[in-house]
Structure formats: C-alpha cells, structure tokens
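Trainee: Could you take me through one part of this model in some detail? I'd like to look at where the two chains meet.

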Amino acid sequence: MNENTTSNNTIGIVNYGAGNIFSLTAALDRQGISYGMVNNEADLEKYSHIIIPGVGHAGAAMQKLQQTGLVEAIKALTKPVLGICVGMQLLTDHSEEGNADLIGIVPIKTKLFDKALGIKIPHMGWNNVNFTNNSLFTNVKPLAQFYFVHSYFIEYNPIFDIASVTYGNKFSAAIQKNNFFGVQFHPEKSGEAGEQLLKNFSMIR
Amino acid sequence: MLSKRIIPCLDVKDGRTVKGVNFVDLRDAGDPVELAAQYAQQGADELVFLDITATHERRKTMIEMVKSVARQLNIPFTIGGGITEIADAEALLNAGADKISINSAAVRNPKLIEELAKAFGVQFVVVAVDTKHVDGKNWVHLNGGRLMTELQTETWIKQAEQLGAGEILLTSMDHDGTKAGFDCNLLKKVNESINIPIIASGGAGSMAHFTEVFQKTNVDAALAASVFHYGEILIPDLKQELSRHQIPVRI
C-alpha cells in the first residue's frame, strides 16, 4: 500500500454526543489522517472508514446513538468500522452497565469488573496488550502498552478476540468481526503505539 | 500487567508553566505545550497541570492552554485548580482534558463529586487531598496546607470514593518539599481502605523513594514536580530503576 491510497481514505466520526472527541480529532490531525463528522445516514456514505467514539455510561451512550437513528445503518456497513472504548462496547450484544441491550453486531457481552478479584475499579493506566496477527496492530511492538480507563470489560471470546489483556481476569482489549473492529483502550492517548494503530485502521481496506 | 504510573506535575499561571524547569534543550520553559511534549517523549505516563492563576481571566486562558496541550500530547493529562462547578469541568472536557482534579471545592461542597461523576463518569473525577499530621491524626488541609479542616483524611477519602471519585491524589504536606521520601505509612493505610486508584504525592527526592513507595504501599502512581523539572531525576532512568526492582512500568 502506498501513500496515495492512504490520502484517499477519510474517517467519519459518529457524532452522537457520548464524550468529547477533541483528543481523537487531535490524534488524527497529528497523523495527517483526514476526517469529518457523521451526523446522519447520508454522512456515512461520505467516508471510507468509520469511528464510533464513546466515553461514559454504555446504556446512556446507546440511548444517544438510538436518538441519531443511525443504528440500523451502522449495522449494515461493509466499510471498516472502529469502536473505541464505550464505542467498542456498543458493538456487543449487551452491557451490565445500565442492563442495556446494545447494537449486537458482535455476539458477546460487556461485563462489570469483579471487585472480589482484589482489583481496583476503574482499570486505569497502561497495560500490556497481547495481540494476534491482525492488520490493526501492524508495526506495533509485541506486548506494547496502551492506555485504558474503564470499569466494564468485554468478555474474552477466541472467535472475536484479536488482542487480550489481563486485569483481574483475561478480557478482550480488541475484537473483530468482519469489517467491525473495536478497541477497549484509547489509541488517541496511547503514545506512539496508539498513533500507529489509528494509522493502521485508516489503511485497512 | 498494569504499570505503575509516573506523573510529573506542572504549575501553570496565566497559561504559562512556572517553577524553574531545567531541560537543556527546551526553547521556552514557560511553554506548557513544549514542556508537556518533552515529558511525553521522556516516557511520562500522564501529566497533571495545576492552575494557580488568581485572575478573572483564568478560565479563558486555561481553556486555550488545554486545547493547545491536547492538540500535541499523546498521553492523558489532568487539570486541577479553580474548578468549582460543572460548567468549569465541562469546558475542560470539551477542550481535551482527560481528567479534572478538585480539592477545596469538593471539601466545601461534597455533592460536587457526585454531580461530576454523574455528568462525566467517575474516570473523569480526581479528588486531590492535602493532608497533615496533627496531634497523632491525619487532617485534610486547604489552601496549600495553611487551613486545617475538621475532616480526618482517611474518612474524607472514603467518603469521596463513595460519592464517585475515580481516583485520589494524596499529597502529604508534611513530606512535600522535604525530598525525604513519600509518606508510605499513610499511603499504605489509605490504599488498603479504598478500591479506586491512588496517586502518591509529596516528598520525592530520589529514585529510591519511588521504588520504596511502590514496594511498600501498592499505590498506582507517583507524582512529583521539582525532581523532574530540575532534571535531578530523568524519567527513563527512573523507569529502568523501577524495572530492576520488578516494579511494572511502561518503557
């Protein structure tokens, strides 16, 4: 793949009001990746790649996404989609946070960390990510650390897992089903490793 | 494995970093953006900016600074100082701050913690606590340690956790500035009583102090200012040293 292919790619960020996206757009700017906002269904057509950001409460985020009327259109997408943090959790069936039914693209569940395991909640900080051979992690160092901050996690399922992490128990740091990708950590805050991952995503075809 | 975090703290006044900063290759030591980028490159895991501006222009200046930092910085950062209401916090969030830290505003109005956590999530809310040992007990102090409150430190921190604090930044005023090491006894006690991350602050003078606080207390992060600003401890050296002691760090 050459520079020209990259420059033709433009990321659409689903703008549904769940958390601030300033840091994400700043990270894309630093990488020279062009982007725009997705406010309605027609906007989804404008971009080669889609990012679903998200911070905060998964149930509340799902409600906000439903209000945009974009859920069915997102489900039908065949272009690369990346959910970040709560944006990734939305791709799953269900979250224990607010006992909420989510988009359900990936048939797995989002669960609350178990205090009984002797861990602090939220899981906050840099943790080693054990990724499989996946184009999202091209040129990322094995067991590189990414920045996490979350109280709910995505259950490990070998069918969809492309990167795992251990905190109390082993769970998915990244998942994939067909053209849908999700990362639990924040690539926009994860130093060089995170920037590489965003670049990789923008080049996935 | 979750790494222990090393956090340089920068004081900011009128949008400029203050306190002597001693990096040789820094063009402008007062430029928060350049300084932040420098620390990120050295391997800092996170940064804290403490705003000590006292003027009416404070909020506007701060927002501009936060935006500039967020545009350049690829690691998380926290903003503290002068946050008294939801609107302050929301403006900082939208400008790209990852967390905000509240101190005296939380003591004066504990409900603020709850409101912030509800509005933006617990991960956004750091409660900073300045503590001093008086007559055999630990008391929360305000105004940089000058004003003693009637709150016992351990009780207040537990209350803050229940109200929705996502993290505690605990500064021992007895140790702050002494360079004699962190207050490991208190940190250990507090750390064992809560289930949210805790940042140790006050007293860092040598690399051994960082090793000690992580070995003795299991806190999640350690914060320092002058030892980093004056180049007395270089972050890459510190991380190597911690790693040699089997303390998990990001290198």
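Which side chain meets that of A:K189 in a salt bridge?

Mentor: That would be B:D98: its side chain and that of A:K189 form a salt bridge, at 2.8 Å from N to O. Keep in mind that this is a predicted model. Between chain B and chain A the count is two salt bridges, and there are also 17 residue pairs in polar contact, both partners at pLDDT 80 or more.

Now zoom out to the whole contact. Chain B puts in 33 residues and chain A 27, and together they bury about 2,500 Å², with carbon and sulfur atoms giving 54% of that area. Have a look at B:L2, B:N74 and B:N195 too: they supply 27% of what chain B buries against chain A, more than any other three residues.

The largest nonpolar core has 79 residues, and B:I168 and B:F210 touch the most other members. Helix 2, residues 58-72 of chain B, gives the most to this core, six residues. As for B:I168, leaving out residues up to four places away in sequence, its contacts include B:V127, B:V129, B:I157 and B:A160, as well as B:I194 and B:I196.

Methods: Residues numbered from 1 in each chain as written. Chains lettered and ligands numbered in written order. Predicted model: local features only at pLDDT ≥ 70, side-chain atom pairs only at ≥ 80, totals over all residues. Heavy atoms only, no water. Core = buried A, V, L, I, M, F, W, Y, C linked by side-chain atoms within 4.5 Å. Buried < 20%, exposed > 50% of the residue type's maximum accessible area, 1.4 Å probe, protein only. Helix = DSSP H or I, 4+ residues; strand = E, 2+ residues; numbered from the N terminus. Contact = heavy atoms within 4.5 Å. Buried area = accessible area lost by both parts, 1.4 Å probe. Salt bridge = Lys/Arg side-chain N within 4 Å of Asp/Glu carboxyl O. Polar contact = N/O pair within 3.5 Å; in protein donor to acceptor, adjacent residues only side chain to side chain.
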